[in-house]
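Hello,

Here is the structure you will be taking over.

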Amino acid sequence: MNRLAGKVAVITGAGMGIGRATAELFAEEGAAVVIAERNESTGREVEQIIQRAGGRALFVPTDISDEPGVERMAAEAVASFGSINILVNNAAVFLLRGIDATVAEWREALDVNVMGPSLVVKHVVPAMRRAGGGAIVNLGSISSFIAQPNFVTYNTTKAAILGLTRCTAMDLAPDNIRVNAVCPGVVWTQIVEKQATAMGLDRAGVDIHPEWAGAQLIKRCADPREIAYAILFLASDEASFITGTPLMVDAGYTAR
């Protein structure tokens with residue numbers, strides 16, 4: 001079943017991790033995928049993988065903290081595919097600092113993780129309005145809800161994503177645009193692997209670590225595609241009566 005047949009989806013940070021898994025899944029489900037990614041090599045790689053599989057994909061180099069670049073990306077998406085129906089706000093920086101964070105670090109975290117998704121919404125929504133509606137899925141986290149040691153910068157920005165989700169859901173409902181958030185637990189991405197390696201852990205070690213997947217009810221890391229399926233649900237017409245909602249995909253982490 002092609003749940004996204006005829007849809008055009010913009011996915012930020014689609015060069016790796018959850019964004020890449022989402023781009024590949026959306027293409028399999030019939031969507032034309034715009035890969036809004038600042039890394040040239042990974043963005044091109046995902047574009048080519050989708051195209052070789054018979055899907056439609058367009059890589060547009062995009063730094064979501066740069067408004068002219070975001071505006072250009074949205075225009076290229078419409079010029080190539082005619083419209084925009086879905087936005088997945090996935091791109092983020094994992095800047096993990098405590099109260100000793102510098103002003104420069106705070107600005108980077110806020111510019112990419114808060115201002116960036118806001119700018120993408122701003123410049124994608126006009127095309128959605130012209131299309132008669134659409135769906136936006138923001139990537140939150142368990143870090144949107146809980147405190148973690150020395151994660152002040154990251155968790156603050158992920159908490160802000162919930163406010164962005166709820167407020168834009170209210171503002172855009174008259175335009176038939178739904179806005180929701182997916183909030184993952186521990187996911188085995190390249191970034192988590194890098195952090196784990198620095199701690200001397202492999203994936204099996206992360207699965208049992210008491211501050212990582214060991215704190216979840218299902219004691220293992222998620223694969224990025226497991227998160228992509230949750231994003232697919234909220235982006236599809238199957239979620240037509242859901243808006244303003246954070247969907248926890250955290251293996252029960254926050255249910256404890």
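A word on terms: Ala, Val, Leu, Ile, Met, Phe, Trp, Tyr, Cys and Pro count as nonpolar, Asp, Glu, Lys and Arg as charged, and the others, including Gly, as polar. Keep in mind that this is a predicted model.

By that grouping, the lining of the second largest pocket holds three nonpolar, seven polar and three charged residues. This pocket has about 180 Å³ of space. It is lined by 13 residues, with Lys7, Gly133, Gly134, Ala135 and Asp237 closest to its centre.

The largest pocket has about 1200 Å³ of space. Its lining counts 47 residues, and Phe94, Tyr154, Thr189, Ile191 and Val192 lie nearest the centre. They split into 25 nonpolar, 16 polar and six charged. Helix H6 (190-198) is among the elements that supply at least two lining residues. H6 gives the most, with five.

Now the salt bridges. The count is 13. Arg44 and Glu47 form one, at 3.3 Å from N to O. They sit three residues apart in helix H2 (residues 40-52), so about one helical turn separates them. Arg44 is partly exposed, at 33% relative accessibility, whereas Glu47 is buried, at 9%.

Asp223 pairs with Arg203, with the closest N and O atoms 2.7 Å apart. This pair links distant parts of the chain, 20 residues apart: Arg203 is in helix H7 (203-208), and Asp223 is in the loop between H7 and helix H8 (224-235). Arg3, Glu29 and Glu238 are linked in a salt-bridge network.

Best wishes

Conventions
Residues are numbered from 1 along each chain as its sequence is written. This is a predicted model: local features need pLDDT of at least 70, side-chain atom pairs count only at pLDDT 80 or more; totals for chains, interfaces and linings use all residues. Side-chain values use heavy atoms; hydrogens and water are left out. On a 1 Å grid over the protein atoms alone, a cavity is a set of points where a 1.4 Å probe fits but cannot get out, and a pocket is an open set with protein on both sides within 12 Å along at least five of seven lines; lining residues have an atom within 4 Å of a point. Grid points are joined across faces, edges and corners, and a volume is the space filled by probe spheres set on the points. Helices (H or I, at least four residues) and strands (E, at least two) are DSSP runs, numbered from the N terminus. A salt bridge is a side-chain nitrogen of Lys or Arg within 4 Å of a carboxyl oxygen of Asp or Glu. Buried means under 20% relative accessible area, exposed over 50%, partly exposed in between (1.4 Å probe, protein chains only).
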